[in-house]
Amino acid sequence: MEQTENDTAAMAARYQCFDPAAYLQYNYTPPRADFDREDSIVPWKLARLHQAFAEGDIGGELLVDVGSGPTLYQVLSGCEVFDEVVLTDFLESNREELRRWLRDEKGCSMDWTPYLQHVCKLEGRRASAWTEKAAKLRRAISDILPIDVHRPQPLDPRRFPPAKADCLVSCFCLESASPDLTAFTRALGHIGTLLRPGGHLLLIGALGESFYMGGPGLKIPVVPLGEAEVCASLKETGYTLIRLEVYTLPQDMRVGVDDVTGVFFAKAKKD
């Protein structure tokens, strides 16, 4: 236990050099974000999230994104279902990147317009409706909070009481913030305390990944997960798996910024 805590502290220290702009450039531009290709990784993720929120079984008032990083794509479909969205991240640099977009300031590291346009198309609307969606998301985001998934109460309970969320989304957070599978599973249990019984979890993560680049020269270790480990961790932490889908990275998507071989999407319900 002490060794895991030391390893977790070392992970946190490493993240202080994380570069949001570089991370976005590595992962959220073509070829990984090519909206003209059906086999591009970002459109695949957006389609999974759209489908999950459109199926009609997810509902309530509050959606929480666990470990948002400097990205917004993961809540573009959810803001059509939930009136309130809370974003969270461990790093102040990522939270500030999100606040810049929320304030509609110049100098954001990423233009989310193509993402907004693509999700509008998935929803059967014209791409030109993206401005309405952006405005709706800005109205829905009520807070951007610091989070530590390795704490039994990941969010400050004075600002966010336990079991308040109706739905959690978390993308590429837990496996990249944990030193080993035990810590990953424990973190999955910790974030579950934010979710009401019967609430849903939409989890996206890397398969077979041992590292990713968090900036120039910054190699961040990742827990290499397989489908079996994901399923077992969900079961152990009190979730019933509804669906697990897997995407295999085409060779030209393996651009050297990580060694990921695939991505999983899990839709689960808290027992």
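Two strands pair if DSSP finds at least two bridges between them. Helices (H or I, at least four residues) and strands (E, at least two) are DSSP runs, numbered from the N terminus. The model described here is predicted: local features need pLDDT of at least 70, side-chain atom pairs count only at pLDDT 80 or more, and totals for chains, interfaces and linings use all residues. Residues are numbered from 1 along each chain as its sequence is written, and side-chain values use heavy atoms, with hydrogens and water left out.

Buried means under 20% relative accessible area, exposed over 50%, and partly exposed in between (1.4 Å probe, protein chains only). β6 pairs with strand β7 (residues 218–221) in the antiparallel sense, over 4 bridges. Y212 has I220 in β7 as its bridge partner. The hairpin has 2 residues between the strands, and G217 takes a positive phi near 75°.

**Aromatic rings**

Rings of Phe, Tyr and Trp (its six-membered ring) pair if their centres lie within 6.5 Å; planes under 30 degrees apart count as stacked, over 60 as edge-to-face and the rest as tilted. The structure holds 10 aromatic pairs. Two of the pairs are tabulated here.

| Pair | Centre distance | Plane angle | Class |
|---|---|---|---|
| Y15 and F18 | 6.0 Å | 35° | tilted |
| Y28 and Y73 | 5.3 Å | 35° | tilted |

The Y28 and Y73 pair links distant parts of the chain, 45 residues apart. Y28 lies in the loop between α2 (20–27) and α3 (41–54), while Y73 lies in the loop between β1 (62–66) and β2 (84–89). Both Y28 and Y73 are buried. Y15 is buried too, with a relative accessible area of 12%. F18 is buried at 8%. Ring pairs link a cluster that includes Y15, F18, Y28, Y73, W112 and Y212.

**Charges over rings**

A charge sits over a ring if NZ of Lys or CZ of Arg is within 6 Å of the ring centre and within 35 degrees of the ring normal. The charged end of R138 sits over the ring of W101, 3.8 Å from its centre. The charged end of K219 sits over the ring of F211, 4.4 Å from its centre.

**Cysteines**

A disulfide is a pair of cysteine sulfur atoms within 2.5 Å. A search of the whole structure finds 0 disulfides. For C79, the nearest cysteine sulfur is that of C120, 9.0 Å away. C79 is buried, with a relative accessible area of 2%. C173 is buried, with a relative accessible area of 13%.
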